Amino acid sequence: MTPLSLAAWAALGFAIAVPVAWLLLLIFERAGVRQRAYEDAPASHRRKTGTPTMGGFAFLAVALVALAVARYALVPELVFLIVVCGAIGAIDDWLGIAHGVNRGLRARTKFLATALAAAIFLRAISGTPGRFPIDTLLRAGTLWLVVPHWLWLLLGIAAITGTIHAVNLTDGLDGLATGAIVPPLIVLALIAAWTPLPAAAALAVMGIGACAGFLIFNLHP
C-alpha cells in the first residue's frame, strides 16, 4: 500500500470516530452516564468524577466499518470477537455506573470472559481451511515457523487477551490510552503493508485515525 492510501484510511478512521464520539457524548451526558473516579486514585484524579464514559463504542463503530470496507466483511468470526469484547467492556463500565463506584467486573471475570471469546474465535478460524495459515506463526519468503496446534491456540489466546487489556491502567488518563495504542498500531501497519495482507494495514491505520479522533475529546483537562 502507498503512503497516500494509508493516509486515506487513517483519515477515514478519524472521520468516523469524531462524529460517533461527539454523538455518544451528547447521549451519555443527557442520560447521566458518567464515570466515577477510582477510590484509591490520587486526589488529583478524583476531580475526574463525572466524566462521560463508554467511549469504547466509538472504536467499536470504527472497527466494524473497517471490517466492511477493508475486505474483511466476510470474516464473521472477527466480527464476533470485536462485538463480544466490546460488550464485556460495556458491561464493565455499566456496572461501575450502576453501583456508583469505580467497580465493574472483577479482573479475573474480565480475563476469563475475553480468553473464552478468544478461544472461540481461534477455534472457529482453525476450522476454516484456506483463509488462515493454521499453526503458522511466521512466514518470511520461503521460511516458515510452524508450531503444534495446541501451542498456536495458547499463544493466540494470550496475544488476543493481552491486547484487549493492554491499556487498562492508562485508559481514563488524559490522552494516555491513545499514546499507548498508536505506536504498536504504526508497527503493525508497517509490517502488514509489506505482506500479502494489505487490508490488515488499512485496519491498523484506521485505528490510528480513530485514536486521533478520540483524542480530541480526551485531551487535558
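**Figure 1. Order of the secondary-structure elements in the predicted chain.** From the N terminus, the elements follow the order α-α-α-α-α-β-β-α-α-α. The chain holds eight helices and two strands, assigned as DSSP runs numbered from the N terminus (helices: H or I, at least four residues; strands: E, at least two). The model is predicted: local features need pLDDT of at least 70 and side-chain atom pairs count only at pLDDT 80 or more, whereas totals for chains, interfaces and linings use all residues. Residues are numbered from 1 along each chain as its sequence is written, and side-chain values use heavy atoms, with hydrogens and water left out.

Figure 2. Of the 221 residues, 32% count as buried, where buried denotes under 20% relative accessible area, exposed over 50%, and partly exposed in between (1.4 Å probe, protein chains only). Among contacts (heavy atoms within 4.5 Å) with a separation of 6 or more, 65% join residues 24 or more positions apart. The accessible surface of the chain is about 12,900 Å², and carbon and sulfur atoms account for 72% of it; such areas come from the Shrake-Rupley method with a 1.4 Å probe, and for residues only the protein chains shown count as cover.

**Figure 3. Helix 3, residues 56-69.** This helix of 14 residues reaches 20 Å from its first C-alpha to its last, close to the 20 Å expected at 1.5 Å a residue; the expected span is 1.5 Å times one less than the number of residues. Its buried residues include A58, L60, V62, A66 and L67.

**Figure 4. The largest nonpolar core.** A nonpolar core is a set of buried Ala, Val, Leu, Ile, Met, Phe, Trp, Tyr and Cys residues joined through side-chain atoms within 4.5 Å. The largest has 19 residues, of which W9, V62, A201, V205 and M206 touch the most other members. At least two residues of this core come from each of helix 1 (3-31), helix 3, helix 7 (176-193) and helix 8 (198-216). Helix 8 gives the most, with seven residues. Beyond its neighbours within four places in sequence, V205 is in contact with L6, W9, A10 and A189. Another core, of 13 residues, lies apart from the largest one and has L81, F121, L122 and V147 among its members.

**Figure 5. A nonpolar patch on the surface.** F14, W22, L23, L26, I27, I216 and F217 make up this patch, with about 620 Å² of accessible area together. Patch residues have over 30% relative accessible area and no salt bridge, with like charges joined within 9 Å and nonpolar side chains (Val, Leu, Ile, Met, Phe, Trp, Tyr) within 5 Å; a salt bridge is a side-chain nitrogen of Lys or Arg within 4 Å of a carboxyl oxygen of Asp or Glu. Helix 1 supplies the largest share, five residues. I216 belongs to helix 8 and is partly exposed, with a relative accessible area of 46%.
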